[in-house]
Amino acid sequence: MAHGNFTRVTEFILTGVSERPDLQIPLFFVFLVICGLTVTGNLSIITLTSVDSRLQTPMYFFLRHLAVVNLGNSTVIAPKMLTNFLVKKHTTSYCECAIQLEGFLVFIVAEIFMLAVMAYDRYVAICNPLLYRAVVSQRSCLLLVSLTYLYSFCTSVVTSSSVFSLTYCSSNVINHFYCDTVPLLALFCSDTSVPEAAIFISASTNLVFSIITIVASYFNIVLSILKIHSSDGRKKAFSTCASHMTAVSVFYGTLLFTYLQPQTNHSVGADKMASVFYTLVIPVLNPMIYCLRNNDMKAALKMFIRNTCCSLNHSSFKTL
């Protein structure tokens, strides 16, 4: 397009998950249920790990912040997507799009490193149990989580600034259901080599560093578990990291499927489905993975429900 044909973009149009009119209402209810389960599940983890004294350990401290990240990621994406299922004009303002992209990047990068931190926590707990309290102290936990959030925020600011610093063409149609870097770069009229390079270097560094941390941690964990002579001891050691291994496999499997396939094999529909999975489905799967496979979480949930029911019954009795 010639340079004289540039127009100032003030709003974007999101094509959504599907452009078929007959699917809008059914998809609205499907994702409404998913979002409801996401909020319920992650708030339950945050509440239980905050109030139950048995869950005041580093492992559950990191799990609480993973739930915060999952809840934040879903909250950034879901409201606008649900709204667009019900309206004909799927528009979002320039400012809203920039804020959504920045929020999405904050939480997705935070999740990448939170999973790596949780893998390191399991490594220390299983491979160096005598040093666990000294290495993974309360101060260390706060420092690791704070650095994760700080780095995620800085990465988000730099990436979103580079994306929104260039000139857009007259087209403002984003072929996605939220503002993401790749569909936004497709709308640029100016040279995209600098932001593309910045995004690629940042994403590659984040993924490589976190994957190396996770693989190295679990490699040493497996070696330590194999050295345990009793089958009960091996089973107990494996059970402490089984939920995290499942969550890591689901999350990284989806990311690698999305970003490491050849460009010729890329499909907009497949990319959208993958994005739906790691922005909306994984945040609802993680609470199920950690709660259903964890006896401490199940016991804490039963105790919390029992105490809540007793409190409500006591309050009702006093009122009468």
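In which sense do E1 and strand E3 pair, and over how many bridges? I looked it up: E1 and E3 (residues 173–174) run parallel, over two bridges. This is a predicted model, where local features need pLDDT of at least 70, side-chain atom pairs count only at pLDDT 80 or more, and totals for chains, interfaces and linings use all residues. Residues are numbered from 1 along each chain as its sequence is written, and side-chain values use heavy atoms, with hydrogens and water left out.

**Sheet.** I took strands (E, at least two residues) and helices (H or I, at least four) as DSSP runs, numbered from the N terminus. Two strands pair if DSSP finds at least two bridges between them. Three strands form an open sheet, in the order E2-E1-E3, with mixed pairing. E2 and E3 are the edge strands, each pairing on one side only. I then checked the other partner of E1: strand E2 (residues 91–93) is joined to E1 by three bridges and runs antiparallel to it. Glu 11 has Ser 93 in E2 as its bridge partner. Leu 14 stands opposite Ile 174 in E3.

Next I looked at the faces of E1. In a regular strand the side chains alternate between the two faces of the sheet. Strand E1 (residues 11–14) has Phe 12 and Leu 14 on its covered face, and Glu 11 and Ile 13 on the uncovered one.

**Thr 279.** I found Thr 279 in helix H9 (residues 268–292). Is Thr 279 buried or exposed? Thr 279 counts as buried because its relative accessibility is 0%. The cut-offs: buried is under 20% relative accessible area, exposed over 50%, partly exposed in between (1.4 Å probe, protein chains only). The side chain of Thr 279 reaches the backbone oxygen of Ser 275 at 2.5 Å. Leaving out residues up to four places away in sequence, Thr 279 touches Asn 73, Ser 74, Ile 77, Phe 104, Phe 177 and Tyr 178. Contact here means heavy atoms within 4.5 Å.

**Glu 96.** Glu 96 sits in helix H3 (residues 94–127). I noted Glu 96 as partly exposed, since its relative accessible area is 42%. Cys 179 is 83 residues from Glu 96 in sequence, and the two are 9.1 Å apart in space, C-alpha to C-alpha.

**Cavity.** I used a 1 Å grid over the protein atoms alone: a cavity is a set of points where a 1.4 Å probe fits but cannot get out, and a pocket is an open set with protein on both sides within 12 Å along at least five of seven lines; lining residues have an atom within 4 Å of a point. The structure holds one cavity of 30 Å³ or more. The largest cavity has about 50 Å³ of space. Its lining includes Thr 15, Gln 24, Asn 84, His 90 and Phe 177. Helix H2 (residues 58–86) gives the largest share of that lining, three residues.

**Second largest pocket.** I read its volume as about 650 Å³. Of the 26 lining residues, Met 59, Tyr 60, Arg 122, Ser 239 and Thr 240 are the closest to its centre. Which helix supplies the largest share of the lining of the second largest pocket? H8 does, with seven residues. H2, H3, helix H4 (132–135), helix H8 (231–259) and helix H10 (295–319) each supply at least two residues of that lining.

Conventions. Polar contact = N/O pair within 3.5 Å; in protein donor to acceptor, adjacent residues only side chain to side chain. Points joined across faces, edges and corners; volume = space filled by probe spheres on them.
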